[in-house]
Amino acid sequence: MALDKIGIAKRIAKEVKDGYYVNLGIGIPTLVANYVPESINVEFQSENGVLGMGPFPFEGEEDADIINAGKQTITTLPGASFFDSAMSFAMIRGQHVQLTILGAMEVAENGDIANWKIPGKMVKGMGGAMDLVASAENIIVAMMHTNRAGASKLLKRCSLPLTGVGCVKKIVTNLAVLEVTPDGFQLLERAPGVSVEEIQAATEGNLIVTGTIPEMEL
Amino acid sequence: MIRKEVANVKDALAGVTNNMTLMLGGFGLSGIPENAIAELVQLNVTNLTCISNNAGVDDFGLGLLLQKKQIKKMVSSYVGENEEFERQMLSGELAVELIPQGTLAERCRAAQAGFPAIYTPAGYGTEVAEGKETREFNGKMYVLEYAFKADFAFVKAWKGDTAGNLIFKGTARNFNPCMCGAAKITVAEVEELVPAGTLNPNEIHIPGIFVQRIFQGAKYEKRIEQRTVRQKS
């Protein structure tokens, strides 16, 4: 069965390693924080200027001066720090943040990503996405494998305006875990009960299947 | 000591005229110069170019200037959550330049630090880089982005002293420190203005040299854009 958003978040949480500083995008990536094992030490960065983000505050304890990049009220954990926007992107551009997890509208087999603009629709802006994808050493995209109309979002070439070129390393969808290689999307894992054929049918870009593909462990 | 304090917001904004380019600190509604924005509305200056990460919401922040059609152009990284903005943008009344958030910060900082331009990897290969100079360093491609030029920077800090030294609080810091000294005149508004010598020099985030005018804001609403809470279990 294909994963839901929580399933995708749970699978991505396994990619988060002890000692990582991690930037989480809006949507499914935000959920990843809930499934990182307590046995490892991780700090979450929000690009508006905080490291060591904690959960939402208790009612009555919200502070307009402490928010995340989604403008939501948050708390901080022991060891947290605040900093300005230039320093925040110094952490990102300077590759001090080890892992970036973000959503996408389209990913291409060459690692291009599109997630900020749909021509003809109101454009809200790229925020920090272009800085993040251009800089991070390790980028994982969390997304549904197909759009609502059933069309593949894993393409030969992106059709939407790009956010970054050749930057995506790994993709976790509701159907599969894939790695971007010079030859295309290497299939690493299947969602429980999902066949290679189903993944193939949902992937427009070149899908590379080598040997037996294991099911994800969640 | 060089004194930077002015009596009120009116004095702080003396010299602001039509057609100017303004920098305004803040991320979302957090850390925005509320009092300077209110005064810009009062002054009714128009044809403004505003460099600000966001454009406020319909009835707060820069949305107040948009309502009165005082802004000609916005330079921002994200402009959602604002219907009037969307209307003016789609009708062509308002010009909008969208740039990556880190590039926005660094173009401010470059102006502050005396760099004419910077190279950034952000936006390479996308429409953001169209028509711009690019260059390879160590096998990776970068885009040349120029330092901003602005007439006034309006920033908001938590505490400040009469010498113009500033301390920020939480994530209300955001773009504010990057904009200090990045325009011809930097105007800082603070929640609490104290005599010079009161603040610990070790704890100053922005030295007064980057600030020309400082005043204590008459009031702060500090509106929360997305109130998210958890229940006590």
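Me: In this predicted model, what is the strand order of the open sheet of three strands with mixed pairing in chain A?
Reply: The edge strands of this sheet are β7 (113-114) and β9 (154-155) of chain A, each of which pairs on one side only. Strand β6 (residues 106-108) of chain A pairs with β9(A) in the parallel sense over two bridges. The pairing in the sheet is mixed, and the order is β7-β6-β9.

Me: Which strands are the edge strands of the open antiparallel sheet in chain B?
Reply: Three strands form this open sheet, in the order β5-β7-β6. Neighbouring strands are turned against each other by 35° on average, direction ignored. Those that pair on one side only are β5 (117-120) and β6 (134-137) of chain B.

Me: What is the bridge partner of B:Phe137 in β7(B)?
Reply: β6(B) and strand β7 (residues 140-146) of chain B pair in the antiparallel sense over four bridges. Within β7(B), the residue that bridges to B:Phe137 is B:Lys140.

Me: How many residues does chain B give to the contact with chain A, and how much area do the two chains bury between them?
Reply: Chain A contributes 47 residues to the contact, and chain B contributes 52 residues. A:Asp65, A:Lys71 and A:Met122 supply 18% of the area that chain A buries against chain B, more than any other three residues. Carbon and sulfur atoms carry 60% of the buried area, and the area between the two chains is about 4,200 Å².

Me: How many salt bridges does the rule find across the interface of chain A and chain B?
Reply: Side chains of opposite charge can pair when their charged atoms come close. Over all chains, a search of the whole structure finds 24 salt bridges. Across the interface of chain A and chain B, the count is six.

Me: Which residue of chain B meets A:Glu61 in a salt bridge?
Reply: A:Glu61 lies in the loop between β3 (50-53) and β4 (76-82) of chain A, and its partner lies in the segment after β11 (213-216) of chain B. The N to O distance is 3.9 Å, inside the cut-off of 4 Å. The partner of A:Glu61 is B:Lys232.

Me: How many nonpolar residues are on the side of chain A that touches chain B?
Reply: Between chain A and chain B there are 27 residue pairs in polar contact, both residues at pLDDT 80 or more. The elements that give two or more residues to this side of chain A are α3 (85-93) and α4 (129-135). By class, the side has 13 polar and 12 charged residues, and its nonpolar residues number 22.

Conventions:
Residues are numbered from 1 along each chain as its sequence is written. Chains are lettered from A and ligands numbered from 1 in the order in which they are written. This is a predicted model: local features need pLDDT of at least 70, side-chain atom pairs count only at pLDDT 80 or more; totals for chains, interfaces and linings use all residues. Side-chain values use heavy atoms; hydrogens and water are left out. Contact means heavy atoms within 4.5 Å. Buried area is the accessible area (1.4 Å probe) that two parts lose on being put together, summed over both. A salt bridge is a side-chain nitrogen of Lys or Arg within 4 Å of a carboxyl oxygen of Asp or Glu. A polar contact is a pair of N or O atoms within 3.5 Å; within protein, one must be able to donate a hydrogen and the other to accept it, and residues adjacent in sequence count only if both atoms are side-chain atoms. Ala, Val, Leu, Ile, Met, Phe, Trp, Tyr, Cys and Pro count as nonpolar, Asp, Glu, Lys and Arg as charged, and the others, Gly among them, as polar. Two strands pair if DSSP finds at least two bridges between them. Axes are lines fitted to C-alpha atoms, for helices over the stretch in contact, and angles run from 0 to 180 degrees between N-to-C directions.
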